[in-house]
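User: I am new to protein models and would like to learn how to read one, feature by feature. Could you take me through this one slowly?

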Amino acid sequence: MSKIFIYGSCVSRDSYNFAKDKHSLTGYVARQSFISATSCATELLPGTEMKSQFQNRMLQGDLSSNVLGIIQKNVREIDLLVIDLTDERLGVHKLSDGSFVTRSTELVTSGRLRQLDQRPGLIRFGTERHAMFWKRSCGILLRKLKAMNMLSKTVIIDTPWALSTLEEPGFSSSTLQEAEQARIWMARYVEYCASQGARIVSMPEEYAVATNQHRWGLAPYHYTDDAYRWIVNQWDNCLIEIRS
């Protein structure tokens, strides 16, 4: 079985549910923006553990900016590193120690930001300021992967946010507007990754469809099963290319 490491969102993790018969999951890191991943760790946000082990692990990982370290530790066990950019939608906070943390649901619900003397402002996805920090971080991250000899084993899955749903009613007008804007910014980020030498696979429009029946609920990045099967097929194609 091929060994897959996922650094991304539920988009890639849900795809793995359609690949368990032929791939094993070496690791999964979510809720960690490129900006946080290439930041210094922070000790400004201590707190008690969350009830969910997964949520606690992802939050602690983000605060310690640990994804590159985990990949380095497991580099010999990874046949394919899968990255998707969906969690970049969350934005980041810059803290007073110079570190960055992802504004994940886990961070917000943990209440840790309330411990700070001054609440940090949010650097929102879809702004030029976010793009400036993100491009710098993307360059660092890809260079570090290349230094590990991992960039040639990496694929970034480009999944345009859905503008339509399989069932009615569809998205609200505000959600559609958000999805349309996210598409524009994600396309810019994907294009930048490509310019830095990353392997990109872009999902055709016909698969960019959301469903009310998704296990996590309706959202522009919660696709139908056909989309996840398409993603897994791209993993297979990338593995063939890597081994050839």
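This is a predicted model: local features need pLDDT of at least 70, side-chain atom pairs count only at pLDDT 80 or more; totals for chains, interfaces and linings use all residues.

User: How should I read the strands, and which strands pair with strand 1?

Analyst: Strands of a sheet pair through backbone hydrogen bonds, either parallel or antiparallel. Helices (H or I, at least four residues) and strands (E, at least two) are DSSP runs numbered from the N terminus, and two strands pair if DSSP finds at least two bridges between them. Here strand 1 (residues 2-7) runs parallel to strand 2 (residues 23-29), with six bridges between them, and Lys-3 stands opposite Ser-24 of strand 2. Between these two strands the chain passes through helix 1 (residues 10-16), and this β-α-β crossover is right-handed, a term used when, with the strands pointing away from the viewer, the path from the first strand over the helix to the second runs clockwise. Strand 1 is also joined to strand 3 (residues 80-84), again in parallel, by four bridges, and there Tyr-7 faces Ile-83.

User: Is strand 1 mostly covered or uncovered?

Analyst: Strand 1 is mostly covered, since five of its six residues are buried, where buried means under 20% relative accessible area, exposed over 50%, and partly exposed in between (1.4 Å probe, protein chains only).

User: Where can I find antiparallel pairing?

Analyst: An open sheet of three strands, in the order 5-4-6, has antiparallel pairing. Its edge strands are strand 5 (100-102) and strand 6 (122-123), each of which pairs on one side only. Strand 4 (residues 92-94) pairs with strand 6 over two bridges, and Val-92 has Ile-123 as its bridge partner.

User: What is a nonpolar core, and which residues touch the most other members of the largest one?

Analyst: In soluble globular proteins, nonpolar side chains tend to be buried together. A nonpolar core is a set of buried Ala, Val, Leu, Ile, Met, Phe, Trp, Tyr and Cys residues joined through side-chain atoms within 4.5 Å. The largest one here has 67 residues, and those touching the most other members are Tyr-7, Ile-71, Leu-81, Leu-85, Leu-145, Tyr-223 and Trp-235. Its largest share, eight residues, comes from helix 8. Apart from this core lies another, of nine residues, including Leu-63 and Val-101.

User: How many disulfides are there?

Analyst: A disulfide is a covalent bond between the sulfur atoms of two cysteines. With the cut-off of two cysteine sulfur atoms within 2.5 Å, a search of the whole structure finds zero. The sulfur of Cys-193 has its closest cysteine sulfur in Cys-138, at 3.6 Å, which is too far for a bond. For Cys-238, the closest is that of Cys-193, 14 Å away and likewise too far.

User: Which side chain makes a polar contact with Asp-236?

Analyst: A polar contact is a pair of N or O atoms within 3.5 Å; within protein, one must be able to donate a hydrogen and the other to accept it, and residues adjacent in sequence count only if both atoms are side-chain atoms. Asp-236, in helix 8 (residues 225-243), is buried with a relative accessible area of 17%, and its side chain makes such a contact with the side chain of His-23 (2.7 Å).

User: Where does His-214 lie?

Analyst: His-214 is in the loop between strand 10 (209-210) and helix 8, and it is buried, with a relative accessible area of 9%. A polar atom of its side chain lies 3.0 Å from the backbone nitrogen of Trp-216.

Definitions and conventions
Residues are numbered from 1 along each chain as its sequence is written. Side-chain values use heavy atoms; hydrogens and water are left out.
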